[in-house]
Amino acid sequence: MVAGSLPPSKADLVRETIEITRGYGGEGYGEHHLSFVLSSNDVLTVTHKFVPDDKIVGKEVFTLSSRVAANVRERLWRIRPAKLEGYQADVRPLGCKKSVDHDFGDIIVLFYPDEQTFGFFTLPYPDSCNNAAAQKARTTLEEVLEKFPSSKVAESFLVAKKASQ
């Protein structure tokens, strides 16, 4: 779904922290952020944050089974940038280009093996790019999110996002 080389080894990826984030409201990527952070120890932290005030609206912590965590990581290999180049690389599904300067996308997935190195994948909104690669990436992310435990924080965020539209 993204241009790149072979996926990282399982040993490398299991050490990586992966964060899936979406936002809404305000300008840019939004005032409200919902993040799912999967740590290398298989702990999943779900956080709804109101960014302007740096306020945590809600937070839940879950421990995933190693089997579920490994499956999530394997699925996300398909969208992981081959090189983790930080903000210099705007990695999107094949054929999807940033349409305007403020095209922040619908979902951002960050991959960071350590505090200095990271890369990210941007899934555009369907009205910005909805080709086969974008559809496959969206399906992959939906399948990953379905593997996570039910979260009251995520549910309330999605209700608030829908009400704001």
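What I am showing is a predicted model, in which local features need a pLDDT of at least 70 and side-chain atom pairs count only at pLDDT 80 or more, while totals for chains, interfaces and linings use all residues. Residues are numbered from 1 along each chain as its sequence is written, and side-chain values use heavy atoms, with hydrogens and water left out.

Let me begin with the sheet. Helices (H or I, at least four residues) and strands (E, at least two) are taken as DSSP runs and numbered from the N terminus, and two strands are said to pair if DSSP finds at least two bridges between them. On that basis, 6 strands make up an open sheet in the order 4-3-2-1-5-6, with antiparallel pairing. Strand 4 (55-63) and strand 6 (119-123) are at the edges and have a single partner strand each, so one side of each is left without a neighbour in the sheet. From one strand to the next, the twist averages 15 degrees; for such angles, axes are lines fitted to C-alpha atoms, for helices over the stretch in contact, and the values run from 0 to 180 degrees between N-to-C directions. Looking inside the sheet, strand 1 (residues 17-24) and strand 2 (residues 32-38) run antiparallel and are joined by 7 bridges, and G23 has H33 in strand 2 as its bridge partner.

Helix 3 lies across strand 1, strand 2, strand 5 (107-112) and strand 6, and runs at about 110 degrees to strand 6. Helix 4, for its part, lies across strand 1, strand 2, strand 3 (43-50) and strand 4, at about 30 degrees to strand 1.

Which residue sits in the loop between helix 3 (132-147) and helix 4 (152-164)? That is F148, which is buried, with a relative accessible area of 8%; here buried means under 20% relative accessible area, exposed over 50%, and partly exposed in between, with a 1.4 Å probe and protein chains only. Setting aside residues up to four places away in sequence, F148 touches I20, F36, L44, L64 and V72. Of these, L64 is 84 residues from F148 in sequence, yet their C-alpha atoms are 7.9 Å apart in space.

That brings me to the aromatic rings. Rings of Phe, Tyr and Trp (its six-membered ring) pair if their centres lie within 6.5 Å, with planes under 30 degrees apart counted as stacked, over 60 as edge-to-face and the rest as tilted. A search of the whole structure finds 4 such pairs. In one of them, the rings of F36 and F148 have centres 5.6 Å apart and planes at 25 degrees, so the pair is stacked. This pair links distant parts of the chain, since F36 is in strand 2 and F148 in the loop between helix 3 and helix 4, 112 residues apart. F36 is itself buried, at a relative accessible area of 10%. For Y87 and F118, the ring centres are 4.9 Å apart and the planes stand at 70 degrees, so the pair is edge-to-face. Y87 counts as exposed at 67% relative accessibility, and ring pairs link Y87, F118 and F120 into a cluster.

How many disulfides does a search of the whole structure find? The search finds 1, a disulfide being a pair of cysteine sulfur atoms within 2.5 Å. It joins C96 to C129, with an S to S distance of 2.0 Å, and the torsion about the S-S bond is about -70 degrees, so the disulfide is left-handed. C96 lies in the loop between helix 2 (66-76) and strand 5, and C129 in the loop between strand 6 and helix 3, 33 residues apart. Both cysteines, C96 and C129, are buried.

I will finish with two residues in strands. V109 is found in strand 5 and counts as buried at 0% relative accessibility; leaving aside neighbours within four places in sequence, the contacts of V109 include I18, I20, I79, F120 and L141. H48, in strand 3, is buried too, with a relative accessible area of 5%, and, again not counting residues up to four places away in sequence, H48 touches residues including H32, H33, V57, V153 and F157.

How values were computed:
Contact = heavy atoms within 4.5 Å.
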